[in-house]
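Subject: Handing over the three-chain model

Hi,

Here is the structure I said I would pass on. Could you open it next to this email and follow along?

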Amino acid sequence: MDLDFITQSLVIGLTENAPLVLAAIGFALLYKLTGLINVAYSETITLGSYFGMWLNTTYGLDFYTILIPTGLLAGVFSVATYLAIFRPAKRRNVGALEMIIISFGLSIFLRHSLQFVFGYPQRYYDVPPPDTIMILGVGVTSFRLLALVGVAVLSLLLWLFIQRTSYGLQIRALASDENLARVSGIRPLVVTVLIWFIAGVAGGLAGAFYGVGSSVSPLLGWRQFLLILMVALVGGSWGLGGVILVGVGTSVALAAMALQFDQVLYAQLVLIVVFVVVLKVRGRRLAETTKV
Amino acid sequence: MVADVVDAVALTRPRIRVQGAVKSFSGRVVVDVDDLVLGDRPIEGLIGPNGAGKTTLMRMIMHSTPLDRGRISLLPAGGGDVVLSSLPAHGMARRGVVKSNQVIMDFDKLTIWDSLLLAVAEARYEQPHRIFGERTLFARHADEIRHYLDYFGFADPTAFAMSAGEKKLLDIVRCLLLRPTFLLLDEPTAGLPDELTEKVMRVVRDLAASGTSVVIVEHDLNVIWNLCDEVLFMAEGKVILRGDPPSIRANGTVVEKYLGEGHV
Amino acid sequence: MTPDFLGSFLISGLFDVVMVIGLALLLHLQLGLARIANFGVVGFWGLGMYTFGVLYVQVDWPFGEPFQFLVCAAAATLVAGLAGLLIGWLIGDLDTDGVLVGTLGFATAVQILATTQDDLTGGARGMGGLDFPYDIGRVKDNEFLWLAITAAVVVAVLFYAWRVHRSPYGRLLIAVGGNEPLARSLGKSTFRTKLWLFAVTAAAMGLLGAMNGVMAHYLDVGNIGVGVTLAAMVGLVLGGTARVWGAVVGVILTVGLFDIVIQSYLPLPKEWYTQAIPVLREAAFGAVLILVLLFRPLGLLGDMRRDKLMGKIHGR
């Protein structure tokens, strides 16, 4: 394998798929802290890309300006889905399996409602063509580079927030033992809303980065869902760092395989097989503990 | 001559051997048993204060709780040595090692008849193509099941087990229907009224008399004194006393110190 | 032969209903009884359809109909069954999250393979050449007969599911779904049970897929997306996950409502049918899933009545 191939895979992988890492972090946050697999998270991503595009085309703001409001809007949307659907479900003692099906239903509903409202033609961000910067001999658009930098910065901020602030402490406490947390004076509703908000911001920003790079469509988030799910599930067991690591590894692998096979779908197929095998091998070890 | 017969009978009981078994939770040693053989006497009782490690030891035998160290094996009546931790979860019952549950465990969607037919069904009836097998299965086992239903007084077996006591009893009957060679009972009479406790004891006695080894964990000492041929006293993870009921009762000071005056 | 009032649309709509009922019944065995959330129903169905289609069109068969159909359909069933065995093995000792990944990943993989192996399958362009294994006259007559044959197959699936409830096998499935560790403590090999459940139900899904391919006359990767899984799932959930008839009732009220009543009988402007209605259909299905699971999780028909069932079979 020559150096060119490696550098290309690395640079392209990291910059093109940086949004994947960000989305996986947001998804994993929800998963690890609330135990919920939220299939509708992919729609948070999609809506992020739509919010960004709407702000950009309606108000003529450039891409860098719309990022923060996009993130905030997506965060609010995420909280709204929690308050409207998932919190009531939890109160009705809906089981884990049914929760996944509900989130699946929500994802379908949102995706097709978007399609109904916005129709079929593809939408685009109205941005000037980005500059191309040469990194290690590979041409990268400034947007992609921004995405990479953004993801790195956000991941660091998130890690600091969770590990170093008092709110982060409350989040971790709630995640590990709800009753104890409640007794310690932590208000579960406030902390849970915070978790959903942060996850929403991450997803929305990922959507904006995805959208500006290509086009905005109702299927944007769903197309990435399986990959996000696999990265979060496999990487999540090693914490935030694990998700980032697995996400980065996946991004590079995707780029490398796309270069090699000249067919993106093959790359996805290989990854599906690899992830399922990893989950299976790990699952074996856990199965032995569920005995009466 | 009689001694030979007694020895011969002892040799044909299945036994369980616990060697160097240690289990800690959060740094605290909960079970530490060096060398213990269970099953030499027909019915053995395991008593001790809360937190002595009795239930944990039972769960370690069943491999529901993995061992930190050590080895627990089944020594079947016919000879041989089977390391219990190497068996898959469903292998225990296949080998005749069955444990009742201390915590209520039930199938919410299955009626009493369902639960018992499930316990008793052989694997060949439970295949995807045997969609007409119910009649045959029922014909084979209905009498055996009805015997227990009538004996324990289940009023309507087509209904679901509702009360905790009913579910406990159901769990015990399921264990009995599995024809165990080694039966572990974890607080079987907790929550049962006296007449049912009597009945459970009688059934256990009959089972033990026909060759099954029984180990029973109990807080109700009346059951222990009346039922057991041998009693083991556990405290702080170790078996510190072992003997027939009179000698354990005689060791009054120890028992009193741990279990309070009223019991001796 | 075919009654005249049965327009082509109606036959096609009825066929969809029958097909989804079949899938929902099989999903009932997996999800309703054994509590395995199979998000990859379309994967087994699509695998069967494509195996059938590829063999039918690409192989030069030395014999004619109906043997060509029978051989290809048998192959489709076998391949889908083997896939079920593989996926069952993969997910058998995984928790719900792992099952989601495994089944969804499988369905995605099938769609990817169908798209990339385009010299075999026609890929994104699609592939025609599938046809009925007989010719009895007008197109409508052929379609109607195929509808009847497929309905017969689905009735057989319904009968099987109905019998499973009344057999030791069904009892075991319910036990595995209800409390797997407890079932294992009774000596039941639950992993093997789930494995063979998947193999058998996946094989049946594959057969249905082959039959769908015949009716469609065309293989199209767009038809093997998550919408098929959604239709089966929403029908089952609405009708009642735990009841055999739940699949029938629920699918009639969802797929039947949209594909027959709305498509054929509602006087709406024409553009609506091609653009808006299909999208609204999916959105409505999603909403139904949420609403049912929030407010009436056991669906319209409610829970299993095993006490009544046991009373009926075994008496007091």
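Below is what I found, going from the chain contacts to the separate elements.

First, the ground rules. Residues are numbered from 1 along each chain as its sequence is written, with chains lettered from A and ligands numbered from 1 in the order in which they are written. It is a predicted model, so local features need pLDDT of at least 70 and side-chain atom pairs count only at pLDDT 80 or more, while totals for chains, interfaces and linings use all residues.

**Where chain C meets its neighbours**

A contact here means that the C-beta atoms of two residues, placed from the backbone, lie within 7 Å. On that basis, 38 residues of chain C are in contact with 41 residues of chain A. Helix H4 (96–116), helix H8 (180–185), helix H10 (226–239) and helix H12 (270–295) of chain C are the elements giving two or more residues to that side of chain C. H4(C) gives the most, with 13 residues. (Helices are DSSP runs of H or I with at least four residues, strands are runs of E with at least two, and both are numbered from the N terminus.) By type, the side of chain C that touches chain A divides into 24 nonpolar, nine polar and five charged residues. For those classes, Ala, Val, Leu, Ile, Met, Phe, Trp, Tyr, Cys and Pro count as nonpolar, Asp, Glu, Lys and Arg as charged, and the others, Gly among them, as polar.

Towards chain B, 32 residues of chain C are in contact with 33 residues of chain B. Two or more residues each come from helix H6 (139–165), H7, H8, helix H9 (190–216) and H13 of chain C. The largest share, seven residues, is that of H7(C). This side of chain C has 15 nonpolar, nine polar and eight charged residues.

Have a look at helix H4 (residues 112–120) of chain B, where nine of its nine residues are buried. Buried means 20 or more other C-beta atoms within 10 Å of a residue's own, exposed means 12 or fewer, and partly exposed is in between, with C-beta atoms placed from the backbone. The buried residues of H4(B) include Trp113(B), Asp114(B) and Ser115(B). What covers them comes from two chains: the list includes helix H5 (134–152) and helix H6 (164–177) of chain B, together with helix H7 (168–178) and helix H13 (306–314) of chain C.

Chain B also has six strands in an open sheet, ordered S6-S7-S8-S3-S9-S10, with mixed pairing. Strands pair if DSSP finds at least two bridges between them. Strand S6 (97–99) and strand S10 (238–243) of chain B are the edge strands, each pairing on one side only. From one strand to the next, the twist averages 20 degrees. Strand S3 (residues 43–47) and strand S9 (residues 230–235) of chain B pair in the parallel sense over four bridges, and Ile47(B) stands opposite Phe233(B) in S9(B). Helix H2 (residues 54–61) of chain B packs on the sheet, touching S3, S6, strand S7 (182–186), strand S8 (213–217) and S9 of chain B, with its direction at about 145 degrees to that of S7(B). Helix H7 (residues 194–209) of chain B packs on the sheet too, touching S3, S7 and S8 of chain B, and its direction makes about 145 degrees with that of S8(B). Axes are lines fitted to C-alpha atoms, for helices over the stretch in contact, and angles run from 0 to 180 degrees between N-to-C directions.

**Chain A: helices, a hairpin and one asparagine**

The axes of helix H1 (residues 3–16) and helix H6 (residues 142–164) of chain A come within 8 Å and cross at roughly 75 degrees. That makes H1(A) roughly perpendicular to H6(A), a label that covers 65 to 115 degrees; under 35 is roughly parallel, over 145 roughly antiparallel and the rest oblique. Leu14(A), Thr15(A) and Glu16(A) of H1(A) meet Arg144(A), Leu145(A), Ala147(A) and Leu148(A) of H6(A).

In helix H2 (residues 18–34) of chain A, 15 of its 17 residues are buried. Just after H2(A), Gly35(A) takes a positive phi of about 75 degrees.

Strand S1 (residues 132–135) and strand S2 (residues 138–141) of chain A run antiparallel and are joined by four bridges. Their hairpin has two residues between the strands, and Leu136(A) takes a positive phi near 50 degrees.

Last, Asn56(A) sits in helix H3 (residues 41–59) of chain A. Asn56(A) counts as buried because it has 23 C-beta neighbours inside 10 Å.

Cheers
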